[in-house]
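User: Please take a close look at one strand in this structure. Where does it sit, and what surrounds it?

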Amino acid sequence: MYHKAFEYLLDNDPEKVLSKPGMYIRKITNFIVRKIMAPLSTKNKLHIERRADVPKDRPVIYAPTHAFSDDIASALNATGRHCYMLVGALNIVFTTFRGIALWMNGIILVNRNKKDSRSAAVDKMKKLLNMGGNLIMYPEATWNKSKNLLVLKLFPGIYDVATATGALVVPVSSIEEDGVVHVIVDDAFDISKYTREEGMLVLRDKMATAKYELMDKYSHMKRTDIGDEKAYWRKYVDKLIKDSDGLYVKKEEEKAGFIDKRITTYKQAFAHLKTLVPSKANAFLFDKRRGGIKFGRFQSKV
């Protein structure tokens, strides 16, 4: 099954992708997507822990956390209103029933591997919001599979689009626990009151705070239940991917997250070891008694 009719969504011209009549029709039929089609594509029940009263006199960008398959349908329902969605998983749109539901709801497609498509997506989002539409975009851009970060580093595009259109930003946080997706739709705020860097920090803090609130209430486990930490985490991630029904493209998603060039990663910090040539001067680095590097682990390129 391939939805060839959806290929027009990849056109970089916003005028060929978005229209007011199309948006109004989707607003009228949106209850079909949110109340019928979205639940059919999920494995979990939805529980809205709380939903703030979001203003209706300004366009809104909802910014949900992203960590599992059902958080897309859950976000569509939790907002309580019609919203287009920015989507980068092209395989879902073009090959699945979910893709049909997303098209009926209204989507802005972006090919994350093409610079011109990423740039065009910004123009499309601005057009939608200036027409009076609302938008859901995931600023993490990929599933958060971090062992210790509540929310990944965020792409700043949400700040640029919001400040250019006067849209308010609404943090949305969710977790899945025992077959239930718990969601908090937080208070809307004007991100343009901050600088770009400050605004992204504020948004990330709001998303993380609400997510922690949900975890503190619903996610409880004894350390003894975890057992081997590495094995537990592998099992957890494997289950996440399995629950996506083959729609999670690992190679694609692992390069989709935001990379802060100001931060040196572990691999970057120790990359020089691959060219290290053993000598008397650096022999201490290979001393096993000091936890040194094992011979043969790194190959000299000299």
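Analyst: What follows covers the strand, then its neighbours, then the rest of the protein.

First, some ground rules. This is a predicted model, in which local features need pLDDT of at least 70 and side-chain atom pairs count only at pLDDT 80 or more, while totals for chains, interfaces and linings use all residues. Residues are numbered from 1 along each chain as its sequence is written, and side-chain values use heavy atoms, with hydrogens and water left out.

Start with the whole. The protein has 12 helices and seven strands. Both kinds of element are DSSP runs, numbered from the N terminus: helices are H or I with at least four residues, strands are E with at least two. The C-alpha atoms fill a box of roughly 75 × 45 × 45 Å along the principal axes. Of the 302 residues, 44% are buried. Buried means under 20% relative accessible area, exposed means over 50%, and partly exposed lies in between (1.4 Å probe, protein chains only).

Now the strand: β2, residues 60-64. Is β2 enclosed or open? Five of its five residues are buried, so β2 is largely enclosed by the rest of the structure. Look at the two faces. Val 60, Tyr 62 and Pro 64 point to one side, and all are buried.

Seven strands form an open sheet, in the order β1-β7-β6-β2-β5-β3-β4. Read along that order and you find β2 between β6 and β5. The edges are β1 (45-51) and β4 (107-109), each pairing on one side only. The pairing in the sheet is mixed. Two strands count as paired if DSSP finds at least two bridges between them. In general, strands of a sheet pair through backbone hydrogen bonds, either parallel or antiparallel.

Take the β6 side. β2 pairs with β6 (residues 168-177) in the parallel sense, over five bridges. One point to find in the view is Pro 64, which stands opposite Val 172 in β6.

Now the β5 side. Here β2 and β5 are also parallel, over two bridges. Ile 61 has Leu 135 of β5 as its bridge partner. Leu 135 also stands opposite Tyr 84.

Contact means heavy atoms within 4.5 Å.

A salt bridge is a side-chain nitrogen of Lys or Arg within 4 Å of a carboxyl oxygen of Asp or Glu. Glu 15 forms one with Lys 127, the closest N and O atoms being 3.3 Å apart. Glu 15 lies in helix α1 (residues 14-17) and Lys 127 in α6, so the pair ties together parts 112 residues apart in sequence. Glu 15 is exposed, at 55% relative accessible area. Lys 127 is buried, at 18%.

Arg 58 is partly exposed, at 31% relative accessibility.

The whole structure holds nine salt bridges. Among them is Asp 243 with Lys 239, at 2.9 Å, N to O. Asp 243 is partly exposed at 26%, and Lys 239 is partly exposed at 48%.

For another enclosed element, turn to helix α3 (residues 71-78). Seven of its eight residues are buried, so α3 is largely enclosed by the rest of the structure. They are Asp 71, Ala 73, Ser 74, Ala 75, Leu 76, Asn 77 and Ala 78. Just after α3, Gly 80 takes a positive phi of about 75°.

Last, the wider contact pattern. Of the protein's contacts with a separation of 6 or more, 73% join residues 24 or more positions apart.

Key
Axes are lines fitted to C-alpha atoms, for helices over the stretch in contact, and angles run from 0 to 180 degrees between N-to-C directions.
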